[in-house]
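Here are a few notes to read alongside the model.

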Amino acid sequence: MRILLKTVLISLSFIFFVGCATNNISSTMKAQQGLSLEVGLYPYVPRLEQFKETIQKQWYAKYPKVKLIFNTDWSGGYSNEPTNLDVFVFDAAYLDDYMQKDYLLPLEKKDIDDFSDLLPYATQGVKADNADVYFGIPQIGCGTLLFYRKNDLELKKANTLTDITNTLGQCTYDTLIPPKGTGLMMDFSSGTTNGDFYLEATQDIYGKYTTNPPKAPRKDLLDPWPINNIAQLLETTSVKHALDKDVNRAEKFAQGYGRAYVGYSESMSSLDQKTRDEIEFKYLPFSDNNNVHLFYSDIAGINPRVVSSNMKEYAIELVNLLTSSETFVEATKATTKDPVAQYLLPVRFSTFKELSKDYPLYTKLFQLVKDNDPKLFRLGVGANQWLSDNKNVITNQIFNQNQCVQ
């Protein structure tokens, strides 16, 4: 009887345990049914679809029932705001605006995977002033670089704005594309970018980094010094070239045109291998001081609305996936379809190390970051409105100072 009773109790216990386990699994799976996250990726990368495919593959392997809905209208912050997004990647220039408008869920170190692997300028740049609180996780870095040929020893020695513009010389052509081996190829067609140049030059000139650079309260109070410095660069190319937004400057450089070009690291994906083997690059100074080296970054942030929808844990998982070294490498490396790396700038030590194995230029890019001790470019509160109000005036003033023969 005792043996029979013991057997019955063991059987009941087993059935109860299995039942509970089954119920727990069902509850977990049920919790994922019908869930989704609205996602906005940063749109201005060479191959956005590769990012999307990489993220989907990694996410659905872990959360097959939580759907990612990619918003194709997201501009990265330039022309709209993330009101209808749960997780979004945006230009760090607008970080302060988003903090003020409560678009960003504050994170602690414990929420960020492999925190110490992130480059210091990136983590410091998204940190609250007086607390270990972070308003997003850096995903991609970016810097305004001057590219030139390895055998151009004069440009190699030129380290200040005046050195560079004197070496390049004032332009003497009026063609859309500079003659071979002559002039600078640089895009001045975007008012927003010109506004960024103005604020970048201001910090460089006065040698002081700030997350809230001085923004003239009225158009007539714009500082002529940074405008003049930007105009110096403009004078090394034709107005036709400077205003053309469609020409692929890296591609033309690879064909021998121009003496140098200005672009971001990802422009190297447009070069042929021979040119990549023979290219040099440096941070482009906007003054002769060259004391403040500003790098841009794209930040993965979380909209606080995920708290009320009980999606906070999933959202934190997703921003960590978006900003992981594994995702960056997979989303930017060469593929059978696109046999050239995207050459985007990482913000993690391990990512530089991993990509350097197959793409030696990443060793040089990492050295560039180390040598320049960059600071994260932020525009402060009111950035979008200030740029909207002033970008055309800044652009007009830059071009009005241009003395190039046309």
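1. The accessible surface of the protein comes to about 19,100 Å², and carbon and sulfur atoms account for 52% of that area. Areas here come from the Shrake-Rupley method with a 1.4 Å probe, and for residues only the protein chains shown count as cover. Please keep in mind that this is a predicted model: local features need pLDDT of at least 70 and side-chain atom pairs pLDDT 80 or more, while totals for chains, interfaces and linings use all residues. Residues are numbered from 1 along each chain as its sequence is written, and side-chain values use heavy atoms, leaving out hydrogens and water.

2. Of the 406 residues in the protein, 51% are buried (under 20% relative accessible area; exposed is over 50%, and partly exposed lies in between, with a 1.4 Å probe and protein chains only). The C-alpha trace spans about 110 × 50 × 35 Å along its principal axes.

3. The secondary structure comprises 17 helices and 10 strands. These are DSSP runs numbered from the N terminus, with helices being H or I of at least four residues and strands E of at least two. Taking contacts (heavy atoms within 4.5 Å) between residues at least 6 apart in sequence, 78% join residues at least 24 apart.

4. Helix α6 covers residues 161–168, and L161, I164, T165 and L168 are buried in it. Viewed down the helix axis, these buried residues fall within an arc of 90 degrees, so they line one face of α6; the arc is taken from the directions from the axis to the C-beta atoms. An α-helix has 3.6 residues a turn, so residues three or four places apart point the same way.

5. What do the buried residues of α6 pack against? Their partners are the strands β5 (145–149), β6 (180–185) and β7 (258–263), together with the helices α5 (153–157) and α8 (224–234).

6. Both ends of α6 deserve a look. T160, in the loop between α5 and α6, is buried at 18% relative accessible area. Its side chain makes a polar contact with that of D163 at 3.1 Å (N or O atoms within 3.5 Å, one able to donate a hydrogen and the other to accept it; residues adjacent in sequence count only if both atoms are side-chain atoms). Leaving aside residues up to four places away in sequence, T160 touches P285, S287 and D288. Just after α6, G169 takes a positive phi of about 80 degrees.

7. D102, between α3 (95–100) and α4 (120–125), has a positive phi of about 60 degrees and is exposed at 56%. Y343, between α14 (325–332) and α15 (349–356), has a positive phi of about 55 degrees but is buried at 5%.
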